[in-house]
Amino acid sequence: MYKQEQIKPYDSEGSKREQVEQMFDNIAHSYDLLNHSLSFGIDKVWRKKAINFLLENRERTDNVLDIATGTGDFAILAQQKLHCQQIIGCDISRGMMAIGEEKVKKLHLDDKIKFQYEDCSKMSFADNSFDAVISAFALRNFQNLDECLREMHRVLNDGGHLSVVDLCTPVSFPMKQLFYVYKKVIMPTFGKLLSKDATAYSYLPETMDAVPQAEKMRDIISKAGFRNAKFKRLIFGMCILYTAEK
């Protein structure tokens with residue numbers, strides 16, 4: 001068991017998966033504002049890096065799966081850049097996906113982007129269903145990281161690509177020191193004020209420290225069956241892009 005799998009959002013009964021679902025339902029109304037504000041908009045750049053990898057390396061991306069899609073920002077960006085036949089955004093938070101559904105309707109993309117309630121550790125999709133699997137800022141929230149990665153591998157077509165971005169702890173001065181203040185003071189304070197959930201934005205930075213990163217995560221992805229697993233630290237070292245092939 002990895003350290004972040006033992007960290008739950010709330011000090012109450014229930015599995016991590018159940019509590020994560022509850023947490024994201026609780027903060028769905030303010031998630032987009034907080035996500036973009038707390039990252040100073042850089043989260044959009046990080047997602048673009050993940051899509052650019054697919055643009056440069058794909059053989060085809062007709063069908064794409066966005067794991068832990070949340071409010072659908074990554075799925076929307078993928079459709080705008082890749083022009084897929086269909087993207088399925090899956091999540092365990094119906095509250096988050098409800099907001100995503102409204103977004104894609106306003107953008108007239110609801111014929112291309114569909115949302116589906118799925119537990120990543122045991123998805124209902126058939127083997128070899130997707131040309132690419134993408135995900136943003138979700139690895140630390142999985143109750144069983146190994147099972148989820150094996151499922152991503154299972155549903156991916158042979159020759160398909162995985163492209164995942166996740167937050168991490170910077171390792172270089174001065175970002176390492178600045179980030180410590182950011183996660184201990186700024187994120188919990190603003191998260192509590194805007195989301196009305198006092199716990200969520202303390203849980204999230206705690207799991208960022210605990211989740212395997214860089215070489216360790218690359219090796220875990222390889223263990224799940226992927227080939228050519230690689231990682232790249234992105235702007236300011238606060239985010240890592242993980243890529244691999246089936």
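A residue counts as buried when its relative accessible area is under 20%, as exposed when it is over 50%, and as partly exposed in between (1.4 Å probe, protein chains only). Keep that in mind for the aromatic stops on this tour.

You are looking at a predicted model, in which local features need pLDDT of at least 70 and side-chain atom pairs count only at pLDDT 80 or more, while totals for chains, interfaces and linings use all residues. Residues are numbered from 1 along each chain as its sequence is written, and side-chain values use heavy atoms, with hydrogens and water left out.

**Stop 1: the sheet.** Show the cartoon and find the open sheet of seven strands, ordered β3-β2-β1-β4-β5-β7-β6 with mixed pairing. Its edge strands are β3 and β6 (227-233), each pairing on one side only. From one strand to the next, the twist averages 15 degrees. Strands (E, at least two residues) and helices (H or I, at least four) are DSSP runs, numbered from the N terminus, and two strands pair if DSSP finds at least two bridges between them.

Stop 2: Select 86-91 (β2) and 113-117 (β3), which pair in the parallel sense over five bridges. Click I88 and you will find K114 of β3 opposite.

Stop 3: Select β6 along with β7 (residues 239-245); the two run antiparallel and are joined by five bridges.

Stop 4: Color residues 42-57, helix α2, which lies across β4 (130-136), β5 (156-167) and β7, at about 160 degrees to β5. Contact means heavy atoms within 4.5 Å; axes are lines fitted to C-alpha atoms, for helices over the stretch in contact, and angles run from 0 to 180 degrees between N-to-C directions.

**Stop 5: aromatic rings.** Rings of Phe, Tyr and Trp (its six-membered ring) pair if their centres lie within 6.5 Å; planes under 30 degrees apart are stacked, over 60 edge-to-face and the rest tilted. The count comes to three pairs. One of them is F24 with Y31, edge-to-face at 6.1 Å centre to centre and 70 degrees between the planes. F24 is buried because its relative accessible area is 11%. Another is F125 with F130, edge-to-face at 5.1 Å and 90 degrees; both residues are buried.
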